Amino acid sequence: MSKSFYHFLMKYRHPAPKDPISKFANHVYLDHDFPKHSTDYHELTSYLELNGYYLESMSVFDDAWNQYLLVQKN
């Protein structure tokens, strides 16, 4: 069973984030409605498009998603 995207993203949390993915991870951690068990790209993008006010750009999510896919292949 693969890890959820949320679980993967939490390794990027940082008390003083210096990069967009770390900032994204910190905001997702505080977003209690984020689909924490999802591994589905479309579910996550739909959620973020409607509720991801904290996301600088969807390209940040896409970068994190691509890293997530690389980890899932290994």
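Phe-5, Phe-8, Tyr-12, Phe-24, Tyr-41, Phe-61, Trp-65 and Tyr-68 form one aromatic cluster. Rings of Phe, Tyr and Trp (for Trp, its six-membered ring) count as a pair if their centres lie within 6.5 Å; planes under 30 degrees apart are called stacked, over 60 edge-to-face, and the rest tilted. This is a predicted model, in which local features need pLDDT of at least 70 and side-chain atom pairs count only at pLDDT 80 or more, while totals for chains, interfaces and linings use all residues. Residues are numbered from 1 along each chain as its sequence is written, and side-chain values use heavy atoms, with hydrogens and water left out.

How many aromatic pairs does a search of the whole structure find? The search finds 15. Consider Phe-34 and Tyr-47: their ring centres are 5.7 Å apart and their planes stand at 85 degrees, so this pair is edge-to-face. The pair links distant parts of the chain, since Phe-34 lies in the loop between α2 and α3 and Tyr-47 in helix α3, 13 residues apart. Helices here are DSSP runs of H or I with at least four residues, numbered from the N terminus. Both Phe-34 and Tyr-47 are buried. Buried means under 20% relative accessible area, exposed means over 50%, and partly exposed is in between, with a 1.4 Å probe and protein chains only.

Tyr-53 and Tyr-54 also form an edge-to-face pair, with 5.1 Å from centre to centre and 80 degrees between the planes.

I turn now to the nonpolar core. The term denotes a set of buried Ala, Val, Leu, Ile, Met, Phe, Trp, Tyr and Cys residues joined through side-chain atoms within 4.5 Å. The largest such core has 20 residues, and those with the most contacts inside it are Phe-5, Leu-9, Phe-24 and Phe-34. Helices α1, α2, α3 and α4 each give two or more residues to this core, and the largest share, five residues, comes from α4. In soluble globular proteins, nonpolar side chains tend to be buried together.

Which residues does Phe-5 touch, leaving aside those up to four places away in sequence? Among them are Phe-24, Phe-34, Leu-44 and Trp-65, where contact means heavy atoms within 4.5 Å. Leu-44 belongs to helix α3 and is buried, with 0% relative accessibility. Beyond four places in sequence, Leu-44 touches residues including Pro-35, Ser-38 and Phe-61.

Helix α2 spans residues 20-30, and its buried residues are Ile-21, Ser-22, Phe-24, Ala-25, Asn-26 and Val-28. These pack against α1 (5-9), α3 (41-51) and α4 (58-73).

A salt bridge is a side-chain nitrogen of Lys or Arg within 4 Å of a carboxyl oxygen of Asp or Glu. By this rule the count comes to one. Glu-56 forms this salt bridge with Lys-23, their closest N and O atoms being 4.0 Å apart. Glu-56 is in the loop between α3 and α4 and Lys-23 in helix α2, 33 residues apart. Glu-56 is exposed, at 56%, and Lys-23 partly exposed, at 36%.

Charges also meet rings. A charge sits over a ring if NZ of Lys or CZ of Arg is within 6 Å of the ring centre and within 35 degrees of the ring normal. The charged end of Arg-13 sits over the ring of Tyr-29, 3.5 Å from its centre, and that of Lys-36 over the ring of Tyr-6, 5.3 Å from its centre.
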